[in-house]
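User: Hi! Could you walk me through a few packing details in this one?
Analyst: Happy to. Let's bring it up and start with the aromatics.

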Amino acid sequence: MELTVGITGASGVQYGIRLLQVLKEKETTTHLIVSDSAAKLIELETDMNLLEIDELATFVYNDDDFTAPVASGSYMHDGMIIAPCSMKTLASIANGISDTLIARAADVCLKDNRSLIILPRETPLNLIHLRNMTTLKQAGASILPASPAFYNKPKTIDDLIDFMVGRVLDLLCIKHNLYKRWG
């Protein structure tokens, strides 16, 4: 499997980082794009630096690099996950504004009917956020709000993150043991 991972400037960059760690363990080819705002949040929210995160990916691109293979529909891959997805990025994608590589790669997934999984990380949601999510869902994206469950009795924040990453993997039909399933 070959996937694009976008990390944008919403709180919760840990979701994207953990996703990259798991995909690397599963020997999945990954194309990583980190927005400038996400790079700042990585410094604020984690003990990692951007170079350490880049090393988790197979390929890394700047968010303004429209020559990256994932900017073209002719480049074959299996889909994209944006974790976390800021409301700015979500709005850009929902309205066809491909002014960043993350938004362009997502647009390519939608137009070519490839998997696009969006992990919005915002609360509360206003009507504009909800309408943009509805637009993306109608266009074929999967909307997976960063809302972990508690039936698996999480003990740590890592357990909560693993639940969400596990749900992403479920949507991609990638087997895992990141959380205890219901029943």
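User: Is Tyr179 buried or exposed?
Analyst: Tyr179 has a relative accessible area of 10%, so this residue counts as buried. Keep in mind that this is a predicted model.

User: Which aromatic cluster is Tyr179 part of?
Analyst: Tyr179 forms one aromatic cluster together with Tyr151, Phe163 and Trp182.

User: And how many aromatic pairs are there in the whole structure?
Analyst: The search finds 3 aromatic pairs. In one of them, Tyr151 and Trp182 have ring centres 5.1 Å apart and planes at 85 degrees, so that pair is edge-to-face.

User: Where do Tyr151 and Trp182 sit?
Analyst: Tyr151 is in the loop between β6 (142-143) and α7 (157-171), while Trp182 is in the segment after α7, so the pair ties together parts 31 residues apart in sequence. Tyr151 is partly exposed, because its relative accessibility is 35%. Trp182, at 68%, counts as exposed.

User: What about the rings of Phe163 and Tyr179?
Analyst: Their centres are 4.6 Å apart and their planes are at 55 degrees, so this pair is tilted. It links distant parts of the chain, with Phe163 in helix α7 and Tyr179 in the segment after α7, 16 residues apart. Phe163 counts as buried, with 6% relative accessibility.

User: Nice. Switching to helices: how do α4 and α6 cross?
Analyst: The axes of α4 (residues 87-94) and α6 (residues 127-139) come within 9 Å and cross at roughly 45 degrees. The two helices are therefore oblique to each other, and the crossing is left-handed.

User: Which residues make that contact?
Analyst: From α4 there are Met87, Leu90, Ala91, Ile93 and Ala94, and from α6 His129, Asn132, Met133, Thr135 and Leu136. By class, the contact of α4 with α6 has 7 nonpolar, 3 polar and no charged residues.

User: What's the packing angle between α4 and α5?
Analyst: About 45 degrees, with the axes of α4 and α5 (residues 101-111) 9 Å apart. The crossing of α4 and α5 is right-handed. Thr89, Ser92 and Ile93 of α4 meet Ile102, Ala103, Ala106 and Leu110 of α5. That contact of α4 with α5 has 5 nonpolar, 2 polar and no charged residues.

User: Last one: why does Thr30 count as buried?
Analyst: Thr30 has 1% relative accessibility, and buried means under 20%, so Thr30 falls in that class. Thr30 lies in strand β2 (residues 29-34). Beyond its neighbours within four places in sequence, Thr30 is in contact with Leu3, Leu20, Leu23, Leu56, Ala57, Thr58 and Phe59.

How values were computed
Residues are numbered from 1 along each chain as its sequence is written. This is a predicted model: local features need pLDDT of at least 70, side-chain atom pairs count only at pLDDT 80 or more; totals for chains, interfaces and linings use all residues. Side-chain values use heavy atoms; hydrogens and water are left out. Axes are lines fitted to C-alpha atoms, for helices over the stretch in contact, and angles run from 0 to 180 degrees between N-to-C directions. Helices (H or I, at least four residues) and strands (E, at least two) are DSSP runs, numbered from the N terminus. Angles under 35 degrees count as roughly parallel, over 145 as roughly antiparallel, 65 to 115 as roughly perpendicular and the rest as oblique. A crossing is left-handed if the near helix is turned anticlockwise from the far one by less than a right angle, and right-handed if clockwise. Contact means heavy atoms within 4.5 Å. Ala, Val, Leu, Ile, Met, Phe, Trp, Tyr, Cys and Pro count as nonpolar, Asp, Glu, Lys and Arg as charged, and the others, Gly among them, as polar. Buried means under 20% relative accessible area, exposed over 50%, partly exposed in between (1.4 Å probe, protein chains only). Rings of Phe, Tyr and Trp (its six-membered ring) pair if their centres lie within 6.5 Å; planes under 30 degrees apart count as stacked, over 60 as edge-to-face and the rest as tilted.
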